[in-house]
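Here's a quick briefing to read with the model open beside you.

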Amino acid sequence: MKDLIEALTIFQKYKDVRNPTHCEHDVLTIMAVGRDEVSAKDAKRLEKLGFIWSEEDDGAWISFKFGSA
């Protein structure tokens, strides 16, 4: 859970919205933060924490590590 909290804290630096996530088909999606909004350093850290940028559906940060089971 520590990795998830750290990742969400990084995303919160860029946007603090009420409903930032969506979870479906074992994928947790961060809806509010765009790829270009995140610094290169934070993007690398997010990748180590289990999040990657997906170009599908207009692009979003996704994680298979924290998706539903």
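**One serine and its surroundings**

The side chain of Ser63 reaches the backbone nitrogen of Lys65 at 3.1 Å, a polar contact (a pair of N or O atoms within 3.5 Å; within protein, one must be able to donate a hydrogen and the other to accept it, and residues adjacent in sequence count only if both atoms are side-chain atoms). Bear in mind that this is a predicted model: local features need pLDDT of at least 70, side-chain atom pairs count only at pLDDT 80 or more, and totals for chains, interfaces and linings use all residues. Residues are numbered from 1 along each chain as its sequence is written, and side-chain values use heavy atoms, with hydrogens and water left out.

- Ser63 is buried, at a relative accessible area of 0% (buried means under 20%, with a 1.4 Å probe and protein chains only).
- Setting aside neighbours within four places in sequence, Ser63 is in contact with Asp26, Val27, Leu28, Gly50 and Phe51 (contact means heavy atoms within 4.5 Å).

**The strand it sits in**

- Ser63 is part of strand β4 (strands are DSSP E runs of at least two residues, helices H or I runs of at least four, numbered from the N terminus).
- Ala60 and Ile62 point one way from β4 (residues 60-63), Trp61 and Ser63 point the other way, and all are buried.
- β4 runs antiparallel to β2 (residues 27-30), joined by three bridges (strands pair if DSSP finds at least two bridges between them); here Leu28 stands opposite Ser63.
- Three bridges also join β4 to β3 (residues 52-54), again antiparallel, and Ser54 stands opposite Ala60.
- The β3 and β4 hairpin has five residues between its strands, and Asp57 there takes a positive phi near 50°.

**The core**

- The largest nonpolar core has 13 residues, and Ala7, Phe11, Ile30, Val33, Leu46, Phe51 and Trp61 touch the most other members (a core is a set of buried Ala, Val, Leu, Ile, Met, Phe, Trp, Tyr and Cys residues joined through side-chain atoms within 4.5 Å).
- α1 (2-14), β2 and α2 (40-49) each supply at least two residues of this core, and α1 gives the most, with three.
- Beyond four places in sequence, Ile30 touches residues including Leu8, Phe11, Phe51 and Trp61.

**The whole fold**

- The protein has two helices and four strands, in the order α-β-β-α-β-β from the N terminus.
- Of its 69 residues, 30% count as buried.

Conventions. Buried means under 20% relative accessible area, exposed over 50%, partly exposed in between (1.4 Å probe, protein chains only).
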